[in-house]
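I opened the model to look up a few helix contacts and aromatic side chains. My notes follow in the order in which I checked things.

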Amino acid sequence: MWSVPLIMLDLLSLLSFGPDGWGDEIARGALLTIELALATLPVGITIGLLIALAKDSHSPVLRGLGNLYTTVFRGLPELLTLFIVYYGGQMLLTRIANYLVPDANIEVNQFVAGVVALGLVLGAFSSEVLLAAIRAVPRGQKEAASALGLSGWSTFRLVTFPQLWRVALPGLSNNWMVLLKDTSLVSVIAISDLMRQTAIAVGVTKQPFFFYLVACLIYLVFSGVSSVIFTKLENRAARGFKRVGGH
């Protein structure tokens with residue numbers, strides 16, 4: 001009769017903080033996962049905006065390079081991109097360093113490699129969202145800015161850029177959700193994120209269902225909080241637009 005509650009108490013004790021539980025490790029892994037995602041977001045958005053501008057330019061060379069970038073990094077599996085950046089980056093930097101210092105050995109920081117790899121992928125997907133947002137800004141506004149004597153950069157900074165976020169936010173929120181899930185891939189290069197710490201706990205305690213269920217709940221909490229934040233941001237952006245439209 002009391003066996004089920006006792007089993008549950010034993011399992012929950014595995015999440016206690018201290019030497020007898022895995023709460024410390026799981027919490028640190030969850031924090032590192034969020035830190036990785038937050039560090040990657042501005043990198044990916046910046047890359048995505050630059051690629052979107054290249055694809056929207058009048059230069060066929062820039063458009064071609066932008067299309068090539070999105071084709072490559074949207075087509076490659078994220079895990080393969082991570083391996084190429086981590087291992088290929090080490091090899092490339094070591095070769096360059098050897099020209100300056102013979103027998104030099106460069107080791108790439110795993111966290112930085114994760115940010116770069118995930119940022120490249122996020123940039124490819126975000127560029128499509130941002131390109132659509134740039135083209136959604138009415139052409140008449142750009143023509144009016146040009147008639148007022150604003151340069152192309154000033155038009156983008158003062159007219160296009162403030163408006164594109166309202167259109168891009170829903171798509172960028174989806175990309176953020178995908179990024180949160182993709183952070184689990186970095187465990188393969190020995191980053192102590194949530195999935196790696198969970199895998200270690202499973203290996204020691206032999207309780208795979210319990211710990212993977214805990215990891216699942218943590219990711220769901222991350223997604224839920226993210227949804228609330230992005231919903232507020234979208235409502236805030238739309239509120240100003242509605243006021244202008246209603247007026």
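I began with phenylalanine 222, which counts as buried at 16% relative accessibility. Buried here means under 20% relative accessible area, exposed over 50% and partly exposed in between, with a 1.4 Å probe and protein chains only.

I noted the ground rules next. The model is predicted, so local features need pLDDT of at least 70 and side-chain atom pairs count only at pLDDT 80 or more, while totals for chains, interfaces and linings use all residues. Residues are numbered from 1 along each chain as its sequence is written, and side-chain values use heavy atoms, with hydrogens and water left out.

**Aromatic pairs**

I looked up the aromatic pairs and found 5 in the structure. Rings of Phe, Tyr and Trp (its six-membered ring) pair if their centres lie within 6.5 Å; planes under 30 degrees apart are stacked, over 60 edge-to-face and the rest tilted.

The ring centres of phenylalanine 210 and phenylalanine 211 are 5.2 Å apart and the planes stand at 75 degrees, so I logged this pair as edge-to-face. Both phenylalanine 210 and phenylalanine 211 are buried.

Phenylalanine 222 pairs edge-to-face with tyrosine 219, at 6.5 Å centre to centre and 85 degrees between the planes. The two are 3 residues apart in helix α9 (residues 208-246), and therefore separated by about one helical turn. Helices are DSSP runs of H or I with at least four residues, strands are E runs of at least two, and both are numbered from the N terminus. Tyrosine 219 is buried, with a relative accessible area of 14%.

I also noted one aromatic cluster, formed by Phe83, Tyr86 and Tyr87.

**Threonine 81**

I found threonine 81 in helix α4 (residues 78-100). Threonine 81 is buried, at 2% relative accessible area. Leaving out residues up to four places away in sequence, threonine 81 touches Phe73, Leu76, Ala117 and Val121, where contact means heavy atoms within 4.5 Å.

**Helices α2 and α3**

I checked how α2 (residues 23-55) meets α3 (residues 60-75): the axes come within 7 Å and cross at roughly 135 degrees. Axes are lines fitted to C-alpha atoms, for helices over the stretch in contact, and angles run from 0 to 180 degrees between N-to-C directions. The two helices are therefore oblique to each other (under 35 degrees is roughly parallel, over 145 roughly antiparallel, 65 to 115 roughly perpendicular, the rest oblique). Ile47, Ile51, Ala54 and Lys55 of α2 make the contact with Leu62, Arg63, Gly66, Asn67, Tyr69 and Thr70 of α3.
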